[in-house]
Amino acid sequence: MQTSTPRRQPLRTPRAAGAAGIVFALLLAAAIVLIRLSIPQGADAGTVPQPRAAQRGALHTALLLVPFAGIFFLWFVGAVRAHVGDAEDRFMATVFLGSGLVFTATMFGAAAAAAAVLGTAHPAGTSPSRPTWDFGRHLAYTLMTGYAMRMAAVFVCSASVMGHRLGVLPRWLTLLGFLTTLALLFLSSTVPWAELAFPAWSLLLGAYLVGASFRRSAAVPAAPGP
């Protein structure tokens, strides 16, 4: 007797995965804003004030948002790859996935560095010493603006190239992705707030993926009744 092997059905990407890009963008933007307001950058070490209690509370909130932003970002990466489909180029897909993973790891490292300074370098209820605070501030900003945002630039560029070559992204979103890449590569480490370009691009892409998912569902004809 011959037994038929059941045919595997591919998993359908949930529509919520596309919405993960929107949630990731909002969480990351909120974390960046809170960090920028709590820890100013660009001034001399001697003139940057140590954060007050309210600022430390805002910084703790930002650090709590970062892990959840990373979780939603991984769902967002999966949604983009599912939207590209089987036609994706292996080279660009590898760069896209690798840069996304390195970005997540680097952002987690920056958050961990800031959390370590706040949580272990000084007694509870007091401020860290000036050398400890300056070290943690510079380390967190270097990881975030110097390395994580450069990996984000590679992520945006690879996604835009795939979208342009395969025609799965509109022209305006592709051009915006290239502009975001340039901003993250050359401005993120020197111009404050330039890193907000990444969550802004992610927000637009996530909204487009959600809209595309609804359009595909509306285009599928309903199954005929018995």
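Thr104 lies in helix H3, which covers residues 90-120; helices here are DSSP runs of H or I with at least four residues, strands are DSSP runs of E with at least two, and both are numbered from the N terminus. Thr104 is buried, at a relative accessible area of 8% (buried means under 20%, exposed over 50%, and partly exposed in between, using a 1.4 Å probe and protein chains only). If you skip its neighbours within four places in sequence, Thr104 is in contact with Gly70, Phe73 and Leu74, where contact means heavy atoms within 4.5 Å.

A quick word on what you're looking at: this is a predicted model, where local features need pLDDT of at least 70, side-chain atom pairs count only at pLDDT 80 or more, and totals for chains, interfaces and linings use all residues. Residues are numbered from 1 along each chain as its sequence is written, and side-chain values use heavy atoms, with hydrogens and water left out.

**The big picture**

- The protein has six helices and zero strands, so its pattern along the sequence reads α-α-α-α-α-α.
- Of the 226 residues in the protein, 41% are buried.
- Take the contacts in the protein with a separation of 6 or more: 83% of them come from residues 24 or more positions apart.
- The accessible surface of the protein comes to about 12500 Å², and carbon and sulfur atoms own 68% of that (areas come from the Shrake-Rupley method with a 1.4 Å probe, and for residues only the protein chains shown count as cover).

**Aromatic rings**

- How many aromatic pairs does the structure hold? There are 13, counting rings of Phe, Tyr and Trp (its six-membered ring) whose centres lie within 6.5 Å; planes under 30 degrees apart are stacked, over 60 edge-to-face, and the rest tilted.
- One of these pairs is Phe73 with Phe155: the ring centres sit 5.1 Å apart and the planes meet at 55°, so the pair is tilted.
- That pair links distant parts of the chain, since Phe73 is in helix H2 (residues 53-84) and Phe155 is in helix H4 (residues 130-166), 82 residues apart.
- Phe73 is buried, with a relative accessible area of 0%, and Phe155 also counts as buried at 0%.
- Phe155 forms an edge-to-face pair with Phe198 too, at 6.1 Å centre to centre and 85° between the planes.
- Here again distant parts of the chain are linked: Phe155 is in helix H4 and Phe198 is in helix H6 (residues 197-219), 43 residues apart.
- Phe198 counts as buried, at 0% relative accessibility.
- Zoom out and you'll find one aromatic cluster made of Phe24, Phe73, Phe76, Phe96, Phe103, Phe155, Phe198 and Trp201.

**The salt bridge**

- The count comes to one salt bridge, meaning a side-chain nitrogen of Lys or Arg within 4 Å of a carboxyl oxygen of Asp or Glu.
- Which side chains meet in that salt bridge? They belong to Glu195 and Arg36, at 2.7 Å from N to O.
- Glu195 lies in the loop between H5 and H6 and Arg36 in helix H1 (residues 15-38), so the pair ties together parts that are 159 residues apart in sequence.
- Both Glu195 and Arg36 are buried.

**Stops along helix H4**

- Arg137 has its place in helix H4 and counts as buried, at 2% relative accessibility.
- The C-alpha atoms of Arg137 and Ala113 are separated by 8.6 Å, and these residues are 24 residues apart along the chain.
- Thr145 is found in helix H4 and is buried, with a relative accessible area of 3%.
- A polar atom of the Thr145 side chain lies 2.6 Å from the backbone oxygen of Tyr141.
- Leu166 is found in helix H4, but this residue is partly exposed, with a relative accessible area of 33%.
- Leu166 and Val84 are 7.8 Å apart in space, C-alpha to C-alpha, and 82 residues apart in sequence.

- Leu179, Leu182, Phe186, Leu187 and Val191 make a nonpolar surface patch of about 480 Å² (patches are made of residues with over 30% relative accessible area and no salt bridge; like charges are joined within 9 Å, and nonpolar side chains, namely Val, Leu, Ile, Met, Phe, Trp and Tyr, within 5 Å).
- Val191 lies in the loop between helix H5 (171-186) and H6, and is partly exposed, with a relative accessible area of 36%.

Notes:
A polar contact is a pair of N or O atoms within 3.5 Å; within protein, one must be able to donate a hydrogen and the other to accept it, and residues adjacent in sequence count only if both atoms are side-chain atoms.
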